[in-house]
Amino acid sequence: MNASDQKQSLNWSELGFQYKKTDSRFRAVWRDGAWGEGEMISDEFIAIHEGAPSIHYAQQCFEGMKAQTAPDGRILLFRPDLNAQRMGRTAERLLMPHVPEEMFVRAVRDTVRANASWVPPYGSGASLYIRPMLIGVGENLGLKPAQSYEFRVFVSPVGPYYKTAGLGTIKLAVSEMDRAAPSGTGSYKAGANYAGGLLATKRAQELGANEALYLDSRERRFIDEAGSANIVVVMRDGTVVTPKSDAILPSITRRSIMTLAEKKLGLVTEERPIELRKEIVNFSEAAACGTAAVLSPVGSIWFDGDWHDVGNPEHVGPVMQQLYDLLVGIQKGEADDEFGWTVDVA
Ligand code: PLP
Ligand code: COI
């Protein structure tokens with residue numbers, strides 16, 4: 001065992017989803033039309049100008065990824081090219097410079113490698129959460145794009161996002177507030193989308209839910225997504241359905257789950273509007289999915305003043321269990337990566 005194989009002495013299985021300072025982070029600056037090389041640094045603080053557009057006008061965006069340890073000790077990323085492309089799409093929407101895909105993936109790999117002792121060991125149930133972020137940092141006052149930008153990647157070992165045991169069910173409460181407007185920024189990973197959701201999450205938690213569920217903001221009929229995850233539903237006829245909406249984040253986890261449902265389980269899959277009140281009687285299973293949420297079965301949903309159960313409200317259903325096992329098996333390098341989704345950080 002060499003020094004980089006030494007692990008921190010943490011109680012990995014007790015970790016929640018909290019920030020834990022690790023050794024190094026990647027930092028690169030964009031100035032005068034070009035990115036610098038970038039470097040690994042130890043300082044977790046960012047000194048920026050008080051006029052920076054990221055802190056006034058939310059000209060910033062981020063990504064969320066995970067690294068996992070495989071049984072043979074390799075450290076695996078999951079589809080990092082898609083996170084790089086999504087950050088590029090968000091950057092374009094917010095008039096920020098692209099972080100080239102090569103630089104994005106290199107920064108993620110370097111940061112994970114530099115913090116190898118913080119990557120939870122195989123079998124611990126924990127993973128290393130990776131947070132790439134792009135912020136407008138230069139001096140500014142008027143509402144216009146920043147003159148310079150900082151791209152950072154930091155990591156933190158994490159446990160489950162929702163407080164449930166194992167694959168325990170979560171509860172969602174339909175929000176009376178909207179997350180995103182039609183033709184707004186809902187489909188981009190912009191921090192601005194999340195600040196507005198803090199109160200909705202608080203209200204949902206006051207009702208006993210884990211998180212808010214948003215319906216489409218035009219008619220409040222169709223499922224959009226949860227505060228930090230997309231939604232997937234197994235209908236009584238066995239079809240796997242996920243909402244079609246321009247206002248939701250295009251989740252990489254959801255895209256992978258839909259592929260697994262179709263290609264590995266042979267199920268019919270559909271992306272279409274899902275009318276909650278009308279269709280819930282036909283739901284046999286539902287789940288929230290995302291990098292942080294992984295696949296979290298939904299047991300009940302609050303709307304119109306009442307709780308409505310989905311399948312068995314206490315237990316994950318058989319299809320979601322299979323999808324979870326398939327997804328996590330690939331992410332952890334336990335199963336054959338037949339779609340070529342994982343990337344070794346070495
Ligand atoms: N929806 C929202 C609002 C999110 O914040 C996330 C998390 O990234 C997701 C969905 C899931 O996306 P992904 O699977 O790419 O992590
Ligand atoms: C993720 O799943 O990576 C996210 O970005 C969700 C975040 C709110 C924790």
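Accessible areas, in what follows, come from the Shrake-Rupley method with a 1.4 Å probe. With that settled, here is the chain, which is a predicted model.

The accessible surface of this chain is about 15,700 Å². Carbon and sulfur atoms account for 49% of that surface. As for what is covered, 51% of the 346 residues count as buried, where buried means under 20% relative accessible area.

Next, the fold. The chain has eight helices and 18 strands. Its radius of gyration is 20 Å, close to the 20 Å from the globule rule for 346 residues, so the chain is as compact as a globular protein of that length. Along the principal axes, the C-alpha atoms fill a box of roughly 55 × 55 × 35 Å.

How many of the contacts join residues at least 24 apart in sequence? If we take contacts between residues at least 6 apart, the share is 72%.

Now the domains. Domain 1 covers 12–159, and domain 2 covers 170–331. Taken over C-alpha atoms, the centres of domain 1 and domain 2 are 26 Å apart. The two domains also touch: 21 residues of domain 1 are in contact with 22 residues of domain 2. Contact here means heavy atoms within 4.5 Å.

Last, charge. There are 37 positive side chains and 44 negative ones in the chain. Where do the two sets sit relative to each other? Their centres lie 2 Å apart.

To recap: two domains, 12–159 and 170–331, in a chain with eight helices and 18 strands. That is what I have for today.

Key: Residues numbered from 1 in each chain as written. Chains lettered and ligands numbered in written order. Predicted model: local features only at pLDDT ≥ 70, side-chain atom pairs only at ≥ 80, totals over all residues. Heavy atoms only, no water. Helix = DSSP H or I, 4+ residues; strand = E, 2+ residues; numbered from the N terminus. Rg over C-alpha atoms; globule rule 2.2 N^0.38 Å. Buried < 20%, exposed > 50% of the residue type's maximum accessible area, 1.4 Å probe, protein only. Lys, Arg positive; Asp, Glu negative; His and termini not counted. Charge placed at Lys NZ, Arg CZ, Asp CG, Glu CD. Domains from an automatic or database assignment.
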